[in-house]
Amino acid sequence: MTTTTLDRRRFLTALGLGAGSLVLPSLAHRDRLVRADPTSAPKRLIVLFTAHGCVHPAWRMRPNAEPEDVDFELELAGLGEDQWSPCLAPLHRHREQLLIVDGLSQVSAYLDPHAAEPHAQGHLSALTGSHNDEQDKEPRASGPSIDQIIAQHIGCPDRLASLELGMGLTVNPISYAGPRAPLPVELSPTRMWERVFGLSNASSDQLAPLYAGQASVLDRVDQHYAALAPSLSGDDRLKLDQHRELVRELERRVVGLQALECGVVAPPDPVLTLDYEARHQAMVSLLAVALSCDATRVASILHTTMPGELCGLPGQDLHNDFAHYSRSDPQAIATMTTYGTVHANHMATLLDALAAIPEGDGTLLDNTLVVWVSELGNGEHAFETWPVVIAGGSNFTSWRLGRYLRVAPSTPALAEGWQTAGVHEADWPNDLAGTPHQKLLVSIARAFGVSDEDGELVSQVGLDSATTSDGTQIDLTGELDGLT
Amino acid sequence: MDRPYVTVAANDATMPSRSQQMLDAIACAALGLMLIPLGCVQEQPAAPEPDACSLGSVPPSPLRRLTTAQYFNSLRDLFSTPDGQTLAVLDPPISDQLISPETLWLPDEQTIAGYAGNAQGQVVSPVLIERYGQNAIDVAAEIGERIDEFLGCDPEADPNGCGLAYLEDLAGRAWRRPLSEDERAALASAFTDDRAQWSTTVAVQLGVQMIIQSPYFLYLPELGLTPEQPEQEGVAGCSIIPLTSHEMAARLSYFLWNTTPDAWLLEQAENGELTTRESVASVAAQMLASPRYVDGALHFHAEWLRLDRIRGYRREVLGSVQLDEFVQVPLLREQAERFLAPIITQPGRSFAEILTSTQVPMHAALTQIYGIEVPELELEDGLWIDVELPADQRAGALTLGGHLSAHATDSRANPVRRGVFMLDRLLCAEPPPPPLDVDTSIVDGQGEADLPTSNRERYAEHTDNAACRDCHAAIDPFGFAFEHYNAAGVWWPQEAWDGDPSMIQWLEIDASGVLDGALVPEPLRGRSFADAVELLHVLAESPEVHGCYVRHLVRYALGRGLDGGPDAVDELLVEQLAEDFYESGGALDSLVLAIVTSEPFSSRVTNHVEVSP
C-alpha cells in the first residue's frame, strides 16, 4: 500500500474526532486527489433517518402566513436566517444546496391492512414504500428500500454496496435488501472503520498471506455451496444460493478493498466515541472519506430516539414523556422542537463533511444526494407532515436546489373522520391527505437512472396503489412534481 | 385427520403411553428414526397416501444457520488447547458494541419473536459474510501464532502427519460428521497447493479459514438418509426425512448445549447411539447432566423471558433510586441468569419456581433496588449471595429488577409493556398492535397534570374507550398487577406523583384486578388477585401457562414457527407434551426429554412436496 505524507496528515486531521471539530478543514485548497475527471465522479446517496418526525408548526416555513391549502415555493436565499423555522435554522448555511419538501405523507402506512405499531410501521414503510409483510408477527417490509435499490444499481462489485449506520440501539430496521430481508445496522464507528478501511490498512507481514489467501479460500468454500445446494430444495436452496452469491461478491470485495486508496485512515477512539455527538461526528467523517475514495456509494444513518441530555434533559425519556405529547403539551412541544434542531445540526454536520471534500470542479456534496426523512410525521404517530430535506447531488439530478417546496394536501380522505388524525394544524384542509411519499422514492430512483424490465425509468417503488376505507384507489406511482 | 398409513412401532419405552394416539396421528407426517427403513411416499402408489404425507399438517423445517451465540460457542469449543485454553480473540467475550477492532464480532441478528434460531427470520447480508471471513482470518492468525499449542505437534517438521491431520480432524468436528473421500482429497490438495505457495503454517491457517467459512459449519444441513447410505435407498425423495445420527447429534447439541457436539457426542453418533428413541433419550439424559446444559438451558430462557431487553436503559425515577446503566444493567441481567440457572437445570425443580421463587442471587450494587439491608452478609463487590426476598413483595423472575425495568419506560412503570409481555410469553396470546387511527397519546394524559393522578388512573382511557377495550381489558389487569414496582424495579408501598414539581406527593397503589378479555384463556378469565405476587402464584399453577411454556420451548427446539392449524401436528404435539408436563408437576427435564424424543425433533420436512402422487 502506498501512501503520501499529505494523505496521512489530511486524514489524521479529519479523524481527530474532537466533538464538534470541523471535518477535513485543510481540504478546501488542496488539489483534488480522488477524482481528476469530474464527469467520472460516481453518484452517491445518503439517507439520514431520524425518529418522531417533526413538530410541524416549528418545522414548516410560512414567511407570508401562507394558508395550508395552497401550493407555493420559496427561494431559500431570499429568506433571512431569522425567517427560518426553528427546526430548520441550523441548515441555513447550506441553503443553496437544499430542497425542503413540505407536504408528503405516508398515506399507504395508514391504509396497511396488517399495520404494525406506528413506529415499526413507519420504519418499514418510509424507504420501501411497501406494506407490512409480517413474519410470525415480526414487522417486515415486503420489498427493498430505496437505498438498496440504488446500491444495486450503482454499486461497484468490488466495493461495499452500502453501509447501514446507526445511532442508538436499533429498534426497527429501515434498509431492506428485499422482501423480509432487513439489513443489520452498524452502531460502532470502530467496526465501521474496520469494514471499510481494515483491509487496506492491514499492515502486518504475518497476516498478509491470510488476506491474500482468502480469495482461494472463498473459492474452495464456494465449491461446498455448489455441492450442497442441489441436495436442498426450494427455499433452502434459495437461502444457500443467496449466501453463495454474497461469498462470491466478498471474493471481489476483498480484492477491491485491499486496493483502496483512501490514504491512512486512523481508527476512531472507542472511548471518545462513547459520546453521542463525537460518535456521530466520527461516523460522518469516516463516511465522507469512504465515499470520496469510492469504498462505497450508498449509506443510511439511522438515529433512534436521542438521549435526553442532547436536549438539555439528562436522563429523561424523550420518546414516552415528550414526543407523545408534542401536539398538546407546551413543554413537550418546546423539547421536541429542540430535538428537531439537534437533528438539523446532525444534517448540517453531514453536509459540512461532504462539502469539505473537493471533487471535480465542486465538492463531494455535488455528487451526493442526501435525503433526510423520518418514520413518522410527528411524535404523536401521524404519517402526515412527513418532513423531507433533500441536499446536494446537483451534478446528476436536475432538481432545482435552494428552494422550499410546499405541496398542499390533495389526496382524498383515507377514512371517514380521518382528516385531522394526529396532525398539529387546526387549519388542516378537511378530508385531504398529503402527497404519497412513494412519489419521492420514485423521483430518487429516477435521478439515479434506475429502470424497469422494459428499460424505461421506473415509475413505481413499493406499492402502486392503496385503497381507502370507502374503496377509493390512491395512485402511488409516478414522480413527485416540482423537484425540477 | 386421516388415518395414517404408517403406525408407530410399539417399542416405545420412554414415551408415555397416552402419547400413542398423538404419535399415530403424526407418524406419517414425521417419520421417526426407529421406523427406518420404512418407506414413506415412493412405495405408496395410491393417491391418498402421498396426500396424507403432504405438508398440509406439518410445516417445513427450514435450513438453519448457527445463531451468533452458537457460532461463537462453537468456535470456542473447536479451538481449545489440550489444557483447556481457548482463543484469545474469543476472550474477553463479545461485548455489545464499541469494542476494539481486534475482537471477533458478527452483525446484530434478526430475531422472530425474540428467537434468533428461528430459521425463517435468518437473513444473510453482505456484512455477515464479510464478518465470517474476517473472523476466520483473525482465528487463523492466532492459530498461526500458537500453532504448537493448538496442534500439539510441529507441522513444519511433519506437514501431513501434523498439519493436514489437524485439518482433517478439525473439519470433522466443525462439520459435525465424518468427511467424505472427496472432501479429504480436496483438503489434501488445497494443503499441498498452499504449502507450495506459502508455507506449511500458512497452509494450516488457510485450511482453518476455509473450514469455518464452509456452509457445513455455518449451517445445519440436514440431508437425512441419502443415496450414499444404500440401506436407506428409496427414502431420499421423500419429503419427510429422518435425520442421520450425526444430524441428530447436532440438533441435540445446539438445542441442549447451544454449541457444537463434543468428542463424546460425536462418538455416540459414530457408534449409532442416536438411531432409536431409547438411545436418544439415554444420550440426552447424559447431556442434561453436563455443565454445558446450564448454558444451553439459559439461552432458551433468556430468549423466552426477553432478557435481551435488559440493556441500555437510563432510569430517572421520581422519588426512588436511579439505575446506573453501566453498572447495574449488566448485573441485573446476570442476576436473572443466576436466578434461573439452578431452577431450570437441577433435577427435581419445577417450572412453577421460575414464577414464584423468592431465593434470589444478590449483588452489593443491587441491594438498593430490593430495599434490603444485609450488612451481616458482607456483600462484596463482585460476589453473589443467595438471599430470601420478602414473599409478599417478590415472586420469581418477573419480579426481578431487570425484567421490571426493561418493561417500563425510562421514567415510569408501564403497565402495557408488562401486560403484553405476560400475554405473549406466559399465555401465548400476544395482542395485535393498536389501530393506527387511535390517538395513543391521550391515554397518558400528561396534559391534565393538575390533579394527582396515579399511573393506573392515567391508563383508564384504555378501558373507557371502546376501540381500545377489546385488547386492553386483557392487557391492563396483568400490567396493573405490577404497579407496586416502579421503573427501576423497586417495590414501593405508594407511588410518587410529579404533577407539582415543588413537592412529591405519594399516592395509594391499587395492584388488584380480575383477569378478563377474549385474549385470556377461558379457565383464567374471572380470576381475581390482590397484586402481582398473588397473580404469579395463580399463573404458576395454571395448565395454560404450562402449555404456553411448552409451545415456546418446542418452537425454540425446532427453530421455526409452529403451525397453528387445528389438525396440525405441532398442535397435537404441544397439546400432549403440555398435558404430560402439567401432570408431572412442571418437571423440566422430563419435558426436554419428551421433546428430543418426539417425531418432529428427529426428522425434517423439506420445503416442498417434490413427489408427485
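Buried here means under 20% relative accessible area, exposed means over 50%, and partly exposed is in between, with a 1.4 Å probe and only protein chains counted. By that rule Arg60(A), at 18% relative accessibility, counts as buried.

## Before you start

This is a predicted model, so to speak of local features a pLDDT of at least 70 is needed, side-chain atom pairs count only at pLDDT 80 or more, and totals for chains, interfaces and linings use all residues. Residues are numbered from 1 along each chain as its sequence is written, chains are lettered from A and ligands numbered from 1 in the order in which they are written, and side-chain values use heavy atoms, leaving out hydrogens and water.

## Chain B in outline

Let's take chain B as a whole. Its secondary structure comes to 26 helices and 10 strands; these are DSSP runs numbered from the N terminus, with helices being H or I over at least four residues and strands being E over at least two. Of the 613 residues in chain B, 60% are buried.

Contact means heavy atoms within 4.5 Å. Among the contacts in chain B with a separation of 6 or more, 71% are between residues 24 or more positions apart. The accessible surface of chain B is about 23200 Å², and carbon and sulfur atoms account for 50% of that. Accessible areas come from the Shrake-Rupley method with a 1.4 Å probe, and for residues only the protein chains shown count as cover.

## Where B meets A

On the chain B side, 84 residues are in contact with 76 residues of chain A. The size of an interface is often given as the accessible area lost when the parts come together. For chain B and chain A, the buried area is about 6800 Å², with 58% given by carbon and sulfur atoms. Buried area is the accessible area (1.4 Å probe) that two parts lose on being put together, summed over both.

The rule finds 6 salt bridges across this interface, a salt bridge being a side-chain nitrogen of Lys or Arg within 4 Å of a carboxyl oxygen of Asp or Glu. One pairing to look up is Arg412(B) with Asp321(A), whose side chains meet in a salt bridge at 3.7 Å, N to O. There are also 20 residue pairs in polar contact across the interface of chain B and chain A, both residues at pLDDT 80 or more. A polar contact is a pair of N or O atoms within 3.5 Å; within protein, one must be able to donate a hydrogen and the other to accept it, and residues adjacent in sequence count only if both atoms are side-chain atoms.

Helix 4 (126-145), helix 7 (181-197), helix 8 (200-211) and helix 9 (215-218) of chain B are the elements that give two or more residues to the side touching chain A. Helix 4 of chain B gives the most, with 12 residues. By class, that side of chain B has 35 nonpolar, 29 polar and 20 charged residues. Ala, Val, Leu, Ile, Met, Phe, Trp, Tyr, Cys and Pro count as nonpolar, Asp, Glu, Lys and Arg as charged, and the others, Gly among them, as polar.

## Two loop residues

Ser145(A) sits in the loop between helix 4 (118-126) and helix 5 (146-154) of chain A, and is buried, with a relative accessible area of 0%. Its side chain has a 2.5 Å polar contact with that of Asp147(A) and reaches the backbone nitrogen of Tyr176(A) at 2.9 Å. Not counting residues up to four places away in sequence, Ser145(A) touches Leu127(A), Thr128(A), Ile174(A), Ser175(A) and Tyr176(A).

Over in chain B, Arg525(B) is in the loop between strand 8 (513-514) and strand 9 (528-529). Arg525(B) is partly exposed, at 35% relative accessible area. The side chain of Arg525(B) reaches the backbone oxygen of Val520(B) at 2.9 Å. The C-alpha atoms of Arg525(B) and Val514(B) are separated by 7.6 Å, with the two residues 11 apart along the chain.

## Salt bridges

Over all chains, a search of the whole structure finds 39 salt bridges. Back to Arg60(A): this residue forms one with Glu68(A), the closest N and O atoms being 2.7 Å apart. Glu68(A) is buried, at 2% relative accessible area, and also meets Arg62(A) in a salt bridge (2.9 Å, N to O). Arg62(A) counts as buried too, at 16% relative accessibility.

In chain B, Asp77(B) and Arg76(B) form a salt bridge, with the closest N and O atoms 2.9 Å apart. Asp77(B) counts as buried at 16% relative accessibility, whereas Arg76(B), at 28%, counts as partly exposed. As for networks, salt bridges that share partners join Arg60(A), Arg62(A), Glu68(A), Asp102(A) and Arg406(A) into one.
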